[in-house]
Amino acid sequence: MSSITNSDNGQPAEGVDEQVRAELARLRDSIDNIDAAVVHMLAERFKCTQQVGHLKAQHQLPPADPNREAEQIERLRALAESAKLDPAFAEKLLNFIIAEVIRHHETIARS
């Protein structure tokens, strides 16, 4: 169970209702589970992009595909909007992932 601490000194916060502590613990457990799922989903995504990288290398295709990347960003921004998530945040996240995928594809192409 996560504890509630005083942000000034890191000591346990005094006087916090036990129901509040329990609700925070419940929510934090859910966040931890979601974080684990995100990591596993990203791992699966990168397994697929590694296969794409090998296929591109075998057929001398460039590591980056700006048209595909633009389509993905547009699609993800729309998904973010419908999920009530900031589309700019979703785009930043996807751009970070795309940059890492391209880096992997470049490494595969050189090997």
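Predicted model: local features only at pLDDT ≥ 70, side-chain atom pairs only at ≥ 80, totals over all residues.

Me: Why is H105 called buried?

Reply: The cut-off for buried is a relative accessible area under 20%. H105 has a relative accessibility of 5%, and therefore counts as buried. The residue lies in helix α3, which spans residues 87-110.

Me: Which residues does H105 touch, leaving aside those up to four places away in sequence?

Reply: H105 touches T49, V52, G53, K56 and P63. The word applies because contact requires heavy atoms within 4.5 Å.

Me: Why is E100 called partly exposed?

Reply: Partly exposed covers the range between the buried limit of 20% and the exposed limit of 50%. E100 has a relative accessible area of 24%, so the term partly exposed applies. Like H105, which lies in helix α3, E100 is found in helix α3.

Me: How far apart are the C-alpha atoms of E100 and F46?

Reply: A separation of 9.3 Å is found between these C-alpha atoms, although E100 and F46 are 54 residues apart along the chain.

Me: What lines the second largest pocket, and where does H105 stand in it?

Reply: The lining has 14 residues, and H105 is among those nearest the centre, together with R45, T49, R68 and V101. Helices α1, α2 and α3 each supply at least two lining residues, and the largest share, five residues, comes from α1. The space in this pocket is about 310 Å³.

Me: How do the lining residues of the second largest pocket divide by class?

Reply: Six are nonpolar, three polar and five charged.

Me: What is the make-up of the lining of the largest pocket?

Reply: Its lining residues comprise 11 nonpolar, one polar and two charged. Of the 14 residues in this lining, L76, L85, A90, L93 and I97 lie nearest the centre. The elements giving two or more residues to it are α1 (18-58), α2 (66-82) and α3. About 370 Å³ of space lies in the largest pocket.

Note on methods: Residues numbered from 1 in each chain as written. Heavy atoms only, no water. Helix = DSSP H or I, 4+ residues; strand = E, 2+ residues; numbered from the N terminus. Buried < 20%, exposed > 50% of the residue type's maximum accessible area, 1.4 Å probe, protein only. 1 Å grid on protein atoms, 1.4 Å probe; cavity = no way out; pocket = protein on both sides within 12 Å on 5 of 7 lines; lining within 4 Å. Points joined across faces, edges and corners; volume = space filled by probe spheres on them. Nonpolar A, V, L, I, M, F, W, Y, C, P; charged D, E, K, R; others polar.
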